[in-house]
Protein chains: 2
Amino acid sequence: MLTMQDALARLTKYWTEQGCLTVQPMNTEVGAGTLNPATFLRVLGPEPWKVVYVEPSVRPDDSRYGENPNRLQTHTQLQVILKPDPGNPQELYLGSLAALGIDVAAHDVRFVEDNWASPALGAWGLGWEVWLDGLEITQFTYFQQAGGLNLDPVSVEITYGIERIIMALQEKTHFKEIAYAPGVSYGEVFAQSEYEMSRYYLDDADIEANRRLLEIYAGEAQRMIDAGLPVPAHSYVLKCSQAFNVLDSRGAVSTAERAAEFARMRRLAGEVAKLWVGRRAELEHPLGLTEPLDAARAAAAVQTGTGERTLVFEIGTEELPPSELRSAREQVMRLMTEGLAGTRLAHGDIRVFGTPRRLIAVVQAVGAREDDHERVVRGPKAQAAYGADGTPTKALEGFVRGQGVTVADVETVELNGVPHVVVTKHEAGRAAPTVLAGVLAQVVTGLRAAKNMRWNDPKLTFSRPVRWLVALWGDDVVPVAVSTLSAGRETRLLRTAATPVVAIESAESFLETLGVNGIVADHEDRRELIVIGAQDLVYPDGTIDVKGESSLIDQITDLVEQPLPLLGTFDEKYLELPDPVLTTVMRKHQRYLPVRSADGTLLPMFVTVANGPVDVELVRGGNEAVLRARYEDAAFFYRADLATPIADMRAKLARLTFTDRLGSMADRADRIAALALRLAAMLGLESGALSRAAELIKFDLGSQLVTEMTSLAGVMGRDYALHAGEDRVVAQAVLDTELPRNTGDSLPLTVPGALLSIADRLDLVAGLAATVGLPTGSSDPFAVRRAVLGLFAVQRGVPALAGLDLVEGLKLAAEAQPVEVPAPLLTEIAEFFAKRLEQALTEEGQPVDRVRAVLPHAARPSQADMLLGQLAPAVSDPGFIAVAGAVQRARRIVPAGTPAGYDAAVLSEPAELALHAAVDKIEVSGITDVASFVAVTQPLVTPLGTFFDEVFVMAEDPTVRAARLGLLATVRDLGDGLLDWAHLRF
Amino acid sequence: MLTMQDALARLTKYWTEQGCLTVQPMNTEVGAGTLNPATFLRVLGPEPWKVVYVEPSVRPDDSRYGENPNRLQTHTQLQVILKPDPGNPQELYLGSLAALGIDVAAHDVRFVEDNWASPALGAWGLGWEVWLDGLEITQFTYFQQAGGLNLDPVSVEITYGIERIIMALQEKTHFKEIAYAPGVSYGEVFAQSEYEMSRYYLDDADIEANRRLLEIYAGEAQRMIDAGLPVPAHSYVLKCSQAFNVLDSRGAVSTAERAAEFARMRRLAGEVAKLWVGRRAELEHPLGLTEPLDAARAAAAVQTGTGERTLVFEIGTEELPPSELRSAREQVMRLMTEGLAGTRLAHGDIRVFGTPRRLIAVVQAVGAREDDHERVVRGPKAQAAYGADGTPTKALEGFVRGQGVTVADVETVELNGVPHVVVTKHEAGRAAPTVLAGVLAQVVTGLRAAKNMRWNDPKLTFSRPVRWLVALWGDDVVPVAVSTLSAGRETRLLRTAATPVVAIESAESFLETLGVNGIVADHEDRRELIVIGAQDLVYPDGTIDVKGESSLIDQITDLVEQPLPLLGTFDEKYLELPDPVLTTVMRKHQRYLPVRSADGTLLPMFVTVANGPVDVELVRGGNEAVLRARYEDAAFFYRADLATPIADMRAKLARLTFTDRLGSMADRADRIAALALRLAAMLGLESGALSRAAELIKFDLGSQLVTEMTSLAGVMGRDYALHAGEDRVVAQAVLDTELPRNTGDSLPLTVPGALLSIADRLDLVAGLAATVGLPTGSSDPFAVRRAVLGLFAVQRGVPALAGLDLVEGLKLAAEAQPVEVPAPLLTEIAEFFAKRLEQALTEEGQPVDRVRAVLPHAARPSQADMLLGQLAPAVSDPGFIAVAGAVQRARRIVPAGTPAGYDAAVLSEPAELALHAAVDKIEVSGITDVASFVAVTQPLVTPLGTFFDEVFVMAEDPTVRAARLGLLATVRDLGDGLLDWAHLRF
């Protein structure tokens, strides 16, 4: 059996043979190998660096006293850095698995999108988790930025999770059982330390002491930065990070503190990085400089075909994220279409396919050449081309020399009515390969993703590296060269295929060749294989909810090239866990399809989709082990939670800080409860269920399962409340409080829950606005915008709350904050509400003018909804148009600030007297709908028209002028409070 | 070329193949691999543990900015722990060198005594530095105690200094040049870190911040101890140690602080160790228990010889320290002599030999058997043995039964005049092997060293492990069995010999067999080989100062079994270094013999003595490289020092703390200077030289060379002062201030120097007594006793100081302290002086009664010397005896407290009047010598005798009684101030 220490030695040896240095773990606690200066500092700057080292990585948060089979406060990473990217790092990585004795062809080894970022380090990269039969064993990242600096060259970072790999290889179900060395288990060596360090991190670390450590470390880090010494400074940044992690695992870090500490660490790490780069430059880069790769030379342009042939263009990539693959296919389609349109080549249909490792464009019937073409080149004006005597001027001579013709070749034509000298050139159509080379190159360089990265190519950028190109027009290679890549006829199959590279004979045989080798290029084909395969596997006992799992299936479809659905099972005992727990694990963590019986209940099975012809039993077994471990974790927490009284979980909220100035989560829950009761009183919505639910809300934040799987907050609250015998409405209201969790999420089902949901969000907004400020720009760390959208959704969606004024509610929330919320800030928040509502309604497709017209009701979005509903037909109603026109006209004429009201006695002209009479009769108070308002104000339209036609408002007599303006101001103000008329456009 | 990373991999692989676990370096800074819990905690308790790991070891004090070729703030240790001792750890170790490609037979690999202790860890062990051609490459220790706990089983700790080994193997002269990996040098990877961390440790670390860290760490360590968690507690002890080391390298630790911090760390480490042992027991020792070795069975007792034969007994050991070897030879001689005397075996001369690896006793002509023997066993008294009727009593029956005889066998004899029943038993003499087995076993178990250790043997204890026994009487093996060892006829030669084990045919051929195989058993033979060999090597250019280097030669002689003197040279340029620097390095660090020309000047060569038939050129080259590196270091510092003005070095004293309450070394030097000037004024010894020297003293503590080689303090001061153009007397006085450095060391040569030396020691004693207290028991961390002995030596040895009263001087020193020195403490110190002087004089061989008699002069030891000189003849002089007897007699009669003086008018009896008359005539004031006092007081002797014979002192009349007592008290007090007469014995 491969022992853990042998595995470390073998990996180290393998990577050393690939030219890596071996260095030692960091001699201060680090959370990951990335923090070791052998990564964090060395990836900076232009020097090459290849290294392998072991890093015992300390995650105080993962402390479980050694009881959890898969979670350790110190786990062992093996870290590899390849700088620059060697061009084939995935293949090298697979070689390392083989060095461990893993048959990568028999197993399902997958590169699953995982974008890594460390806000505290100002670092990020794009890459994958590597899955071995569903088990994440490695983090594989193209490091793009560290310390806020762009990395050039880019480094490849490969981080192995050794305990997980070894548990899988040794088929152990608890880390303590790992054979660490011959005859010695992991537990025998490390269990005591796991237990004791867990005790320290979870229970016994002194919070005050660690706070002081954090401050001292930050101070020393800053001093060393000031002294220009990045190495000791970095070491102190790491110590900061560890002290922070200890505080965090002790539950002593508030949201605001976290943000502040991350900002400080990011700033320090950034300064360290800058210093390091500067110092290495001063030292003249002791390890030398990385040479950029040379540009590729295109294949020779050879054209053997003369008729129409198919064009195929394959862009070979490393595994693209499913979300990017769809967009990439669309881009290729657009770029191909536009590119070909820019040529004079005849062509037929364009189709685009994509798998995680390739984007393929297939164009039917592409002509062998462009048609020949006459081109008219404009020269000087005739007047300037010839002297008075008709002899060519210098200007003309210059022109013909430039065009490579003689004066005899030019003619004079009228262009825009002016005679010009022109020359007509005959241009032969270019051969297809030549023309296509330019088009295809543009396709590659034009690709962009939502998040783009760089690799060893000095010019390209995309979601993941582009590694090869196949470009064939019929039998001929299209001589594309893009940066370091040149196209050929060799495509790559699965990396584990017997022949991983095959030559394609002709464009026409390309898809067939892929297909013969198992690769299904078309998304729809793959999807069908998956759906049918999965359904076959579960038939007749179960079903797959193909519609409900549609987005998951789409994602799975774009994770494989050669889908092989496999049925796995899990122990029925796990069905005691709530459905959302089981399915969250399957979908979110494992991309497994849940299997349900006809009545919709979960069955103890799942479908996973492997990539390629793996050893089915092996892969099934591996996936089942992974799911078992995850469910074992969840069951462990669930049982513990069920054994815990709700009151005890609720009591833990006192230890969870919300933010330092806004108190604990318990304080927050108390405020929410009180606010909901006040709102209920205002609206006459009091109930026993509300009172009880108000006592319970958020208690599940104190449960272990929610601590682990935060997305289940509320869901578990309902579950635990029901288990504890609470009323169904009460239990639902506990969940409702958390709804909606994001745009499009369910709304509260109960009125008590709706009130609590509103109170939750008002409390959040009031408190954070007063302490952190309202979000600006793209930064909204506390998701205040999302909370405001939630307020709108609930107020609009729950009819019982139609009367609720959010700004009134906000004022109540503000009064309950432990900090002062000044009046001007409340105004600011109300404006913020209005802006957000404007944006939301506009995004829903409402015309912006109407949206703005109803914004006075931003505090009651349901009212705005109603008015918008009324405006939709009204805007084409002549009566409404007339009234609105009248009001707007009055508004335009009357200077701002002019009060309504006038001395009727001053009026004398008939038109003004008529208007006065009409105005005098109108009573608009209490009108809240558009139709009524129009009906009531209709009599004004004609007198007002006459008034404008006949009365000169700006009379010389100031008394008269004032009266006339006052009259118009009265008209202007009639619609106040209903709509903001000025915005309406017709 | 073997790169450094390959070397680490090879050693790890080698030890893994020997069954060691591989673990990772500690993830907090440690000064040595020993601190890693894989050593410090795992050596505790009964569980077996074999481990190998790399440990980057941080020594802030060794920071040199990466400039020094051999010194790094972080060097790489490879640490191996073998628990229990496998019995052949040295051989396993040599195997590891072979695994590195080192030909251990061609090189001179030596195990040179080095006893390791870490006061801060409460840990110690005995073992060696391993030298490779004079270069220390490994620390090899039998770990005896950790955290104050005795270790059972004992662990073997092997610590490789990787950079040094690699530099030697790669023949590099600077660590930066080491080939770390193919194409990458050590400097390219680590030089920047060396520089920056040196900056932190030497210049930039914030002292206040690190002090706070130290306190927080210690607090957390204690809290974790209280929580019963040894693992996190240990981690914080390590952090304490690092914070302390940082403070130390920043020069911020006073002597007292150091002692206090060490005490705290020792206490914490001790508690951690106890907790760990307890926790492992609670966990039922997950790694199992070490089985103790079985006792050996003796060889079968076979006797083939019948005549007298030689006995040879060899006790094979691992390398004994030279100092222990001499003592061990003496012990073997004594134990053999006594043991044989306890037998009835005839034997001839006993000779004992020793080399580092064996103790050999050779006894000539040992008889084949003991003579037969009659033994009389005493029974009950005859009276109790027979009843009145002559029948045997129960007592007699019991006796004969016990002796295995019958009543008929007994006879009655008179013993001490009382008739007893006895039985006479004939005992046959035992065979020599049987008799000798017991004697020889006692020799092994009886061996003891100044410092004893334990190894894998459950019963034996000695300076180093005993590994084999050879015991032959003639041709026969003596069947000795001691604990796990049984004697045979196989001895071991050099470990690198072609046949490392040979069988000995007979005792008579033993020494010859050793000799034939190159091993020189006799110290004197080896010494002669070394002396003659060395002299031959340097002839005719140089000489070896055989007499002056006698103790070094003795030491070298006992470091080898097969001496091979080698001549090495060094670059003449190093001769610019002062002689004491060069010779200190040679003698103390390298055990090389200096070579001098006829006129005594050093030549650029040295003699080292290898062990066994090595590759001479290789070993010479290696030793030369070691010396070059050491001289390069020294030259580096010396040049730097010479380039530094004395004032600058002196200014550094302000940054060296003496103790926290007694200020900096600058403060101390200032106090010494002022005190010396006051003493000079008192004694009329002022001079310009004194004034100047007083300004300079101790300045060389601010030099780099003295920082490195503290034993050169003063010596370098003189050298640098002379280079700076100071007067010779001034320069010498700077050295004199430090003299004597220990008992037997030179005394100051100049009067200014003597005054400064006295002032130095008075300041030390006064200050420390007031802050730390006078030394008690065996604890004297600040060497106050040595300082006091120095005071005596200087006052006694420098005639100009004869008038100096040390207690008066002490008072002046006390006044100058920054802390109060209370009057009672001064009295206590004066008493301390007297006790120390009493002890010193007694140890010099002075009779204790006379010493006590002169102790009133303890403040002026030279006066005590003089009086002792006078007492020596006086004690046999009848006149002195009479006077002394008179004074003592008067003292005995007069009650304590009776004042001298009397009313002469009350006296009436002739004898008392005669005594009065004699007393009245005597004038003793001003007499300071014994002879004068005797001469002056001689007239008293007769009247006093008569007085005692004739006068009844205790008269009834109180007036008379008082006068008589007063008269005797006057006699009693005549010798006061000269001697303490009461102590004199005749």
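Mentor: We begin with a definition: helices are DSSP runs of H or I with at least four residues, strands are DSSP runs of E with at least two, and both are numbered from the N terminus. Please keep in mind that this is a predicted model.

Trainee: How many helices and strands does the secondary structure of chain A come to?

Mentor: The runs just defined are counted along the chain, helices and strands separately. For chain A, the count comes to 34 helices and 27 strands.

Trainee: What percentage of the residues in chain A is buried?

Mentor: A residue is called buried when its relative accessible area is under 20%. Chain A has 986 residues, and its C-alpha atoms fill a box of roughly 110 × 105 × 70 Å along the principal axes. Of the residues in chain A, the buried share is 57%.

Trainee: Which term describes how α17(A) and α22(A) are oriented to each other?

Mentor: Two packed helices are described by the angle between their axes and the distance between the axes. Helix α17 (residues 616–642) and helix α22 (residues 715–723) of chain A pack at about 45°, their axes 10 Å apart. Angles under 35 degrees count as roughly parallel and those from 65 to 115 as roughly perpendicular. The two helices α17(A) and α22(A) are therefore oblique.

Trainee: Which residues of α22(A) make the contact with α17(A)?

Mentor: The crossing of these two helices, α17(A) and α22(A), is right-handed. From α17(A), the contact is made by Y638(A), D641(A) and L642(A). By class, this contact of α17(A) with α22(A) has four nonpolar, one polar and two charged residues. On the side of α22(A), the residues are M716(A), D719(A), Y720(A) and H723(A).

Trainee: How do the residues in the contact of α25(A) with α29(A) divide by class?

Mentor: The axes of helix α25 (residues 784–797) and helix α29 (residues 861–874) of chain A come within 7 Å and cross at roughly 65°. The contact is made by F792(A), Q795(A) and R796(A) of α25(A), together with P861(A), S862(A) and D865(A) of α29(A). By class, the residues of this contact of α25(A) with α29(A) are two nonpolar, two polar and two charged.

Trainee: How many residues lie between β12(A) and β13(A) in their hairpin?

Mentor: Strand β12 (residues 350–355) of chain A has five of its six residues buried. It pairs with strand β13 (residues 358–366) of chain A in the antiparallel sense over six bridges, and G354(A) stands opposite L359(A). Between β12(A) and β13(A), the hairpin has two residues.

Trainee: Which residue of β16(A) is the bridge partner of V376(A)?

Mentor: β14(A) and strand β16 (residues 418–427) of chain A pair in the antiparallel sense over seven bridges. In β16(A), the bridge partner of V376(A) is T424(A).

Trainee: Is L396(A) buried or exposed?

Mentor: L396(A) has its place in helix α11 of chain A. Leaving aside neighbours within four places in sequence, L396(A) is in contact with P380(A), A385(A), Y386(A), V407(A), V410(A) and V421(A). Its relative accessible area is 0%, and the limit for a buried residue is under 20%. L396(A) is therefore buried.

Technical notes: Residues numbered from 1 in each chain as written. Chains lettered and ligands numbered in written order. Predicted model: local features only at pLDDT ≥ 70, side-chain atom pairs only at ≥ 80, totals over all residues. Heavy atoms only, no water. Axes fitted to C-alpha atoms, helices over the stretch in contact; angles between N-to-C directions. Parallel < 35°, antiparallel > 145°, perpendicular 65-115°, else oblique. Left-handed = near helix turned anticlockwise from the far one by under 90°. Contact = heavy atoms within 4.5 Å. Nonpolar A, V, L, I, M, F, W, Y, C, P; charged D, E, K, R; others polar. Buried < 20%, exposed > 50% of the residue type's maximum accessible area, 1.4 Å probe, protein only. Pairing = 2+ DSSP bridges.
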